[in-house]
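Student: I'm about to look at this one for the first time. Could you walk me through it while I ask questions as they come up?

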Amino acid sequence: MTFLAKPKLHHPELHKNSLGYTRRDYEGAISTLCAGCGHDSISAAIVRACFELELPPHRIAKLSGIGCSSKTPTYFLGASHGFNSVHGRMPSVLTGANLANKDLIYLGVSGDGDSASIGLGQFAHAMRRGVNMVYIVENNGVYGLTKGQFSATSDKGAKSKRGVVNSDEAIDLVGMALQLGATFVARSFSGDKAQLVPLIEAALKHEGAAFIDCLSPCVAFNNHEGSTKSFDYVREHNAAMNYLDVITGREEITVDYAPGSVEMVTQHDGSTLRLRKLHTDYDLHDRVSALTYMQERHAVGEIVTGLLYVDPNPRDLHGHLKTSDTPLNALQEDALVPGSSALAKINAGLR
Ligand SMILES: Cc1ncc(C[n+]2csc(CCOP(=O)(O)OP(=O)(O)O)c2C)c(N)n1
Ligand code: SF4
Ligand SMILES: [Mg+2]
């Protein structure tokens, strides 16, 4: 059995958001992942972020590839559009859907195997094109679904459950996303909901390619001593840069932190990100120094988490292509078939 429906009944006094939905309305089927899998915590964080942002579930499209991580969209947003694609192909399927209808909110969920091996090219092109989406990699350093082989994000020197040492260099998807032009780049940990939920909210409000590398331990195959993606290892080496609050138009903005330790970033859609900075000299808007900083901290064994880079005024794929303001799937016949005089004008311009 691959999924179990959740009972629809819930407590009549559960808190409702302004759309009249409870948190339960953003859930999906009962998870069949291993008990304690980090991926389930990320699903819970997605549910909370969408509920708190009061997003209409039918305006969200969730897409994934293949893997335990890519199964998770079944376990959240049961009333949203969903497409479980082929291994490593989520980005191109999502790009196509986004081109057809830019008015939906796109959430791509993938794994480190799905995105850093077979789908690496697809990941790269979605980032460099600025596809307006939230791209979450649930990163456990292994191919969980196929029983725990090292993935391309597994650190050199990390030990498998059977004691085999990984001899290959790791691919850092955060470094790649920064280098490829993603306009929102973050890393987080499935075990740190206080950091992860607002990061997902901020990414959902970002109008460009938003990437979150979320460390998500695999309790079945990569949670032992010698692993660099286990709960204990990530907790011990987590160097959080900042914690966020996302303030939407409806909420009052108050600042109650020491001057210098807080930065306000207003995004293109009007939402404000309030960052409680733990490293006050870190410049969130400098792509090159973010890259250098990540590499320096990685070299001394730190896993830097938080919002690492944001461009508050991104341009997305539609901006680059100058597509019409009306979603392509809503264009009427007169716009799609403008007649022979329009064609003659185009032809004349090509002579
Ligand atoms: C074309 C293709 N090649 C290989 C596979 C086998 N396969 C299924 S899932 C997977 C890796 C999943 O790893 P990851 O994306 O990290 O997800 P996780 O299960 O760890 O969450 C592989 C290699 C496949 N389904 N399709
Ligand atoms: S095998 Fe690993 S990744 Fe897959 S459900 Fe189990 S704990 Fe999660
Ligand atoms: Mg994996």
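Student: Let's start with a side chain, then: what does the charged end of Lys62 sit over?

Tutor: The charged end of Lys62 sits over the ring of Phe76, at 5.9 Å from the ring centre. The term applies if NZ of Lys or CZ of Arg is within 6 Å of the ring centre and within 35 degrees of the ring normal. Before we go on, please keep in mind that this is a predicted model, where local features need pLDDT of at least 70 and side-chain atom pairs count only at pLDDT 80 or more, while totals for chains, interfaces and linings use all residues. Residues are numbered from 1 along each chain as its sequence is written, chains are lettered from A and ligands numbered from 1 in the order in which they are written, and side-chain values use heavy atoms, with hydrogens and water left out.

Student: OK, and how many aromatic pairs are there?

Tutor: The structure holds seven aromatic pairs, where rings of Phe, Tyr and Trp (its six-membered ring) pair if their centres lie within 6.5 Å, and planes under 30 degrees apart count as stacked, over 60 as edge-to-face and the rest as tilted. One of them joins Tyr21 and Tyr26, whose ring centres are 6.0 Å apart with planes at 90 degrees, so this pair is edge-to-face. Tyr26 also pairs with Phe51, again edge-to-face because the planes stand at 70 degrees, with the centres 6.0 Å apart.

Student: Where do Tyr26 and Phe51 lie?

Tutor: Tyr26 lies in the segment before α1 (38-52) and Phe51 in helix α1, so their pair ties together parts that are 25 residues apart in sequence. Helices (H or I, at least four residues) and strands (E, at least two) are DSSP runs, numbered from the N terminus. Tyr21, Tyr26 and Phe51 form one aromatic cluster.

Student: Is Tyr26 buried or exposed?

Tutor: Tyr26 is buried, with a relative accessible area of 0%, and Phe51 is buried too, at 11%, whereas Tyr21 counts as partly exposed at 28%. Here buried means under 20% relative accessible area, exposed over 50% and partly exposed in between (1.4 Å probe, protein chains only).

Student: Switching topic, what are the protein donors of the magnesium ion (ligand 3)?

Tutor: They are Asp112 (OD), Asn140 (OD1) and Val142 (O), lying 2.1 to 2.2 Å from the ion. Donors are N, O and S atoms within 2.8 Å of the metal (3.2 Å for Na, K and Ca), and since water is not among the atoms, sites may look incomplete. Asp112 lies in helix α4 (residues 112-118) and Asn140 in the loop between β4 (133-139) and β5 (142-143), so the pair ties together parts that are 28 residues apart in sequence. Both Asp112 and Asn140 are buried.

Student: And which order do the eight strands of the open sheet have?

Tutor: The order is β2-β1-β3-β4-β8-β7-β13-β9, with mixed pairing; two strands pair if DSSP finds at least two bridges between them. At the edges stand β2 (81-84) and β9 (238-240), each with a single partner strand, so one side of each is left without a neighbour in the sheet. Strand β1 (residues 60-64) and β2 pair in the parallel sense over four bridges, and Leu63 stands opposite Phe83 in β2.

Student: What about the open sheet of three strands, which order does that have?

Tutor: That sheet has the order β10-β12-β11, with antiparallel pairing. Six bridges join β10 to strand β12 (residues 272-277), and Asp245 has Arg274 in β12 as its bridge partner.
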